[in-house]
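Thank you for making time this morning. I would like to walk through one model with you, beginning with the overall picture and then moving to a few local details.

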Amino acid sequence: MKHISNHSAADETSANYQDPSPFEVAVHGHRFMFYPHGADRLAALLDHIESAQESLHAFYFQYDTDDTGKKVRNALIAAAERGVDTCLYIDSFGSNAEDGFFDDLVAAGARFAQFSPSFNKRFLIRNHQKMAIADRKSVMSGGFNIADEYFASPEENGWCDLGVKIDGPLVDRFNEWFAEIDEWINSDGSEFRKVREMVRDWDSEEGSVQLLMGGPTTISSQWAVRFKQDLARSDRLDLITAYFSPPRSTRRALKRAAKRSKLRMILASKSDFAITVLAARLHYRRLVKSGAKLFEFQPTKLHMKLMVLDDITYFGSGNLDMRSVRLNLELMIRVEDAGMAAKMREMMDHMEQSSRPVDKSWFAQYAKWSDRLRWFVSYFMLRSVDYNFSRHFGLGPSNLKNARRIPSETYSPSSQLE
């Protein structure tokens, strides 16, 4: 095995990384257009908004008042001014919207509101969903928010993410869900009880293409329960998740899957919130011992949420962490199709080439007792405090210095921890 251990070689590997081009998958009466590259994703979103003729309904967890935020806002204003029924909701906790930033949007006739949790049970909830529905027949969704970093290139330290434009019957389910969100955001009274009922009563319907929900209902969300059911009977598993700190039951399910199946996981080496990377590393050793092949993505920050289990693909807003599994409002799309699964694995193979395997050399370099102590403390913090508090209390953003300098090397099975 050839080891690349100097910083310049690692930097060169990251510098040469290119996001895949957009690609289309047509399946089960649907057209899915995927956008792994930030600039393509932003152009598609703006075109999506500009093409709306009758209605445009959008919700985003994070909306920043930067250049991207202005471009999207101005496109929404133009839609409202040409008579499109325009609605934008954002989560106030995740966003940094300045006073007056959306005044012109409202003046143009659009509906706008911020989901602002009060200091009660609802304060715990993050409305983590992302969607923009045009004319009730086409939706753009995925893991991205509205901020410059979600559309910047790897060279600019942008988030590596995935957006998808969907045309087909599934859009009707998005319309139904947005109507419930619309009623909930504008309601008074026991909002926490109401959202629990919404998620609990959501019928994902059977079929090869499903819209699954996550939220504060039972111990695990609807999408997480279905994921674990598929996990239990899958022979090949390929997962990309930005934040990895799931409940114990999910970790046990992954270890069981690794012992009987081929399990590959690509995780973050860089993030705006250092504790998310550190907390994930606490679980590496047991997963690797179980047979999982773990990799840390090197070129830039990782925000993608993508899971392929045999011929089943999951994508959307949900991470494999405690909040996405048990508390946050999430949207996950589940598609059963061998062709889509193959295309997604091609993209994962491309990303693996710019990822470092978590092997003997990795543990020797980054699993000293002081590192393990930091992992444990970070994991405890994530279980106790929402990491998004750092956005509001000056604790972030923060990039791991060592994560930005982890050398890359070619994967070899012999290098795995014994």
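What follows is a short tour of the chain, its helix packing and some individual residues.

Let me say at the outset that this is a predicted model, in which local features need pLDDT of at least 70 and side-chain atom pairs count only at pLDDT 80 or more, while totals for chains, interfaces and linings use all residues. Residues are numbered from 1 along each chain as its sequence is written, and side-chain values use heavy atoms, with hydrogens and water left out.

Of its 418 residues, 61% count as buried, and by buried I mean under 20% relative accessible area, with exposed being over 50% and partly exposed in between, using a 1.4 Å probe and protein chains only. If we take contacts between residues at least 6 apart in sequence, 78% of them join residues at least 24 apart, a contact being heavy atoms within 4.5 Å.

Now to the helix pairs. Helix H2, residues 38-50, and helix H3, residues 67-81, have axes that come within 9 Å and cross at roughly 20°; the axes are lines fitted to C-alpha atoms, for helices over the stretch in contact, and the angles run from 0 to 180 degrees between N-to-C directions. That angle makes H2 roughly parallel to H3, on a scale where under 35 degrees is roughly parallel, over 145 roughly antiparallel, 65 to 115 roughly perpendicular and the rest oblique. The crossing of H2 past H3 is right-handed, the convention being that a crossing is right-handed if the near helix is turned clockwise from the far one by less than a right angle, and left-handed if anticlockwise. On the H2 side the contact is made by Leu42, Leu45, Leu46 and Ile49, and on the H3 side by Thr68, Lys71, Val72, Ala75, Leu76 and Ala79. These contact residues of H2 and H3 divide into 8 nonpolar, 1 polar and 1 charged, where Ala, Val, Leu, Ile, Met, Phe, Trp, Tyr, Cys and Pro count as nonpolar, Asp, Glu, Lys and Arg as charged, and the others, Gly among them, as polar. As a reminder, an α-helix has 3.6 residues a turn, so residues three or four places apart point the same way.

The second pair is helix H7, residues 222-232, with helix H8, residues 248-260, which pack at an angle of about 20° with their axes 10 Å apart. That makes H7 roughly parallel to H8, and the crossing of H7 and H8 is left-handed. Here Lys228, Leu231 and Ala232 in H7 meet Ser249, Thr250, Ala253, Leu254, Ala257 and Arg260 in H8, and the residues of this contact of H7 with H8 divide into 5 nonpolar, 2 polar and 2 charged.

Staying in helix H8, Ala258 lies in that helix and is buried, with a relative accessible area of 5%. Not counting residues up to four places away in sequence, Ala258 touches Leu263, Ser290, Gly291 and Ala292. Its C-alpha is 9.1 Å from that of Lys289, although Ala258 and Lys289 are 31 residues apart in sequence.

Turning to the loops, Gly143 sits between S7 and S8 and, at 1% relative accessibility, counts as buried. Leaving aside neighbours within four places in sequence, Gly143 is in contact with Lys130, Asp161, Leu162, His303, Lys305 and Gly316.

Most residues other than glycine have a negative phi. His28, in the loop between strand S1 (23-27) and strand S2 (30-35), has a positive phi of about 50° although it is not a glycine, and at 41% relative accessibility His28 counts as partly exposed. Asn157, in the loop between strand S7 (138-142) and strand S8 (159-160), likewise has a positive phi, of about 65°, and is partly exposed at 22%.

Lastly, the cysteines: the structure holds 0 disulfides, a disulfide being a pair of cysteine sulfur atoms within 2.5 Å. Cys87 is buried at 0% relative accessibility, and Cys160 is buried at 3%.

Definitions and conventions
Helix = DSSP H or I, 4+ residues; strand = E, 2+ residues; numbered from the N terminus.
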